[in-house]
Every structure is written in C-alpha cells, then in structure tokens.
Amino acid sequence: MLLKNFKDNVIETKNLDFKTIIQDVSFEIRRGDYAAIIGPNGGGKSTLVKLILGLIPHDNGVIKLFGQAPSLGSLKKIGYVSQGIAKLDENFPISVHEVIKLGLIANKSLFSRITKNDLARIDHVLTKMNIQDLKDAKISELSGGQRQRVMIAKALVNQPQILILDEPNTGVDKQSQINFYALLKDLNHNENITILFITHDLGVIVDDINKVLCINQTLLACHDPRQIYHSEQLNQLYGVDAHMVCHHH
Ligand SMILES: Nc1ncnc2c1ncn2[C@@H]1O[C@H](COP(=O)(O)OP(=O)(O)OP(=O)(O)O)[C@@H](O)[C@H]1O
Ligand SMILES: [Mg+2]
C-alpha cells in the first residue's frame, strides 16, 4: 500500500474555533475525496466553509490548504458556490457569458486580458453545464435551477482542484438534481477534482461519496458513508434532515 504523506491533505483543520459557532473542529480532506458535510440548520456548516475559505477569520486553531497556510495562490485553486447564490443578482443586467467571465477575471492579475484560451474555457464550462443556449440570456431571466448551473460554471471556469458547494441543489427539480449529481461524480472521477459538498440530500449521493462529516457546532463524527444506512439513525444521532435512500443491504 502506498504511504500517503501530509501533502495529500488538500484541506486540513486542527482545533478550529469560531465564536461559539464552531468549536474544536479537526478534520482532513484528501486529494480526490468526495466528502459531504451534513448537520442540522444553524449547525455551522456554512460558517465552517467560510472559515476554510478565509471569508471570515477564525479565533483559534489551524487551517491548511494543500499542506500549507492559506494564501491567495491556494485559494485560487478552490471553486466555491455559496448557499443561496441563485437568489442573488436577480435584477443585475448581466449575461450568463459575462458572469462566467467575471469568474475568470477574479483569478487573473490586474490588467491581464481575456485570451482565446480563456474564451475556450468559458465555452467548455457552458457545454459542461449544458447552458450553451443560455449564454446570452440575462441572469435575471433565468430560473433558479438555471442560475445555479451558471454559478457552478463560474466556479469551474478556473479549473479548480477543489470544488466547495454549499447546498447548491435547494429548490431544483428531480431531473436536474440527478444530472447535477452525475456531473459531480464525473468531475470527481474523471477530472480528479476534490469535492466538499454541504447537503441535506445525503441518501442520493451516498454511493458516490467517500466521507461524511457531521457538524453541529463541533465535528460529531467522520463516517465512511457505507456505514450509514438509515435516515432514522442519522436523525437520532444528529437531528439531521437527510433524505436517505437505502441502497445497501
Ligand atoms: N459571521 C457570523 N458571526 C456570528 N454568527 C454567525 C455568523 N455567520 C453565521 N452565524 C450564526 O452561526 C450559526 C450557524 O450558521 P450557519 O449558516 O453556519 O449554519 P448552517 O449549518 O450552514 O445552517 P443551514 O443548514 O441552515 O444552512 C447560526 O446561528 C448563524 O446565525
Ligand atoms: Mg448553511
């Protein structure tokens, strides 16, 4: 068996504290992991992700990205889709293509131009998210589900090594959800993107993921998803509203 060294940890926290919301949270995400974060409403899931991304400063503890202290360089390797993002920008007169271009520009140095290669990357994510036909549409004209796909395309356009998604599926219809989970699986398996995914829909992806972090102020458990079978068990343990579909016997 190959011995993995610390560099295989792409995200690492040790004894992380933030006010009373996050207490003594330590965990590791390894390159290639597809990990789900679950927990009750108000349990601190979104806060934990914002701490990892440096969007809010932590009080105590250590955060490492790619084995090192977080830096602009390491943050550029992470794509993030925040919670409720699809509700934003409702009246903003900007097209799908422009939104994704903004994602690219955010990671470029000042004054650098959009290159042919950049435009090809935009086309690639438009195709990947199946929104080519919407590229000239205004964000305000899109449905919630379509807008979510645009935001994921925006996160993907910088070819991140890690994709962090905060409940991107809320209010999306069943078929779009199925397509979405297939996409995440494809990104994880075929493009080797590490995925950290906050969800209340654990059951649907339980066969795809390899780690489940249960967060309620502190890290209650880090499971192998194959050991979690029943929603009742989850509910009892964590008060989690996770819609489990049991695939195992
Ligand atoms: N920057 C902040 N400063 C102080 N309190 C905060 C901050 N951000 C969030 N909170 C509070 O922290 C708690 C956890 O919020 P958080 O959004 O992380 O929960 P969550 O697990 O993502 O919940 P949900 O499942 O509803 O999205 C809430 O009580 C919230 O009001
Ligand atoms: Mg949240």
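The buried residues of helix α6 in this predicted model are F180, L184, L187 and N188, where buried denotes 20 or more other C-beta atoms within 10 Å of a residue's own, exposed denotes 12 or fewer, partly exposed lies in between, and C-beta atoms are placed from the backbone. They cover an arc of only 95° around the axis (taken from the directions from the helix axis to the C-beta atoms), which puts them on the same side of α6. Local features need pLDDT of at least 70 and side-chain atom pairs count only at pLDDT 80 or more, while totals for chains, interfaces and linings use all residues. Residues are numbered from 1 along each chain as its sequence is written.

**Helix α6**
- On the other side of α6, the exposed residues are K174, Q175, I178, A182, D186, H189 and N190.
- The cover over the buried residues of α6 includes strands β3 (34–38), β6 (162–166) and β7 (194–198), with helices (H or I, at least four residues) and strands (E, at least two) being DSSP runs numbered from the N terminus.
- Just after α6, N192 adopts a positive phi of about 55°.

- Leaving aside neighbours within four places in sequence, A36 is in contact (C-beta atoms, placed from the backbone, within 7 Å) with F197, T199, L202, I205, I209 and V212.

How values were computed. Chains lettered and ligands numbered in written order. Contact = placed C-beta atoms within 7 Å.
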